[in-house]
Amino acid sequence: MTTKIPVTLEGNLTADPEHGTGESGNEYARFSLAVNDRRLNEDTGRWEDAGTVFHRVVVFSQQARHVTDSLHKGDAAIVVGDLRFGTYTDKDTGQTRETRDVIADNVGASLKFTGAAINRAPKASGPAADASGPVAEPASYAGTGVTR
């Protein structure tokens, strides 16, 4: 049984996202997100960094390509997804190790301190992506004999 823990993270990419294709042909992107904890120092009245937590993030499919093309090292991002825990055997020592990854449902640039340009991608591919849809004419021009 897998435990899903929903999370929302805001932080900065520590490196450019790594893009690849899995054995099943599914695209993925992986990156690390540094989340800084800031606290107000009541003695000085200034905000101070109180520690950084690094999260490994994995995103799949078309969004993986968008993340790779759009986000780069140092960019502020917001990630919404599920925290997943796993285990693996270290090849060198033979010891069992634990992993913690965020499987992202949605990744976006944070607009807290900067702006962004949006390039919309069509949801459909092929001819349907360029289709204009049905064209309706007013009843007086449709040959129905009804005028307004």
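Q: Ala, Val, Leu, Ile, Met, Phe, Trp, Tyr, Cys and Pro count as nonpolar, Asp, Glu, Lys and Arg as charged, and the others, Gly among them, as polar. By class, what does the lining of the second largest pocket have?
A: Four nonpolar, four polar and three charged residues make up the lining of the second largest pocket. A pocket here is an open set of points on a 1 Å grid over the protein atoms alone, where a 1.4 Å probe fits and protein lies on both sides within 12 Å along at least five of seven lines; lining residues have an atom within 4 Å of a point.

Q: What kind of model is this?
A: This is a predicted model, in which local features need pLDDT of at least 70 and side-chain atom pairs count only at pLDDT 80 or more, while totals for chains, interfaces and linings use all residues. Residues are numbered from 1 along each chain as its sequence is written, and side-chain values use heavy atoms, with hydrogens and water left out.

Q: Back to that second pocket. Which residues line it?
A: The second largest pocket is lined by Glu10, Gly11, Asn12, Ala34, Val35, Asn36, Arg38, Ala76, Ser110, Lys112 and Phe113. The largest share, four residues, comes from β3.

Q: How much space lies in it?
A: The second largest pocket holds about 230 Å³. A volume is the space filled by probe spheres set on the grid points, which are joined across faces, edges and corners.

Q: And what volume does the largest pocket have?
A: About 860 Å³ is the volume of the largest pocket. Its lining has 25 residues, with His66, Ser70, Val107, Ile118 and Asn119 lying nearest the centre. By class the lining of the largest pocket splits into 11 nonpolar, 10 polar and four charged residues.

Q: Which element gives the largest share of that lining?
A: Helix α1, with six residues, gives the largest share of the lining of the largest pocket. Both α1 (62-70) and β6 supply at least two residues there.

Q: How much of the chain counts as buried?
A: Of 148 residues, 22% count as buried. Buried means under 20% relative accessible area, exposed means over 50%, and partly exposed is in between (1.4 Å probe, protein chains only). The protein chain exposes about 11300 Å², with carbon and sulfur atoms supplying 49% of that area. These areas come from the Shrake-Rupley method with a 1.4 Å probe.

Q: What else does Asp101 touch?
A: Leaving out residues up to four places away in sequence, Asp101 touches Arg56, Asp82, Leu83 and Arg84. Contact means heavy atoms within 4.5 Å.

Q: Now Gln63. Where does it lie?
A: Gln63 lies in helix α1 and counts as buried, at 19% relative accessibility. The side chain of Gln63 reaches the backbone nitrogen of Val107 at 2.8 Å. Beyond four places in sequence, Gln63 touches Asp105, Asn106 and Val107.

Q: Last one, Ala121. Where is it found?
A: Ala121 is in the segment after β6 (96-109). Ala121 is partly exposed, with a relative accessible area of 42%. Apart from neighbours within four places in sequence, Ala121 is in contact with Gln62 and His66. The C-alpha atoms of Ala121 and His66 are separated by 9.7 Å, with the two residues 55 apart along the chain.

Methods. A polar contact is a pair of N or O atoms within 3.5 Å; within protein, one must be able to donate a hydrogen and the other to accept it, and residues adjacent in sequence count only if both atoms are side-chain atoms.
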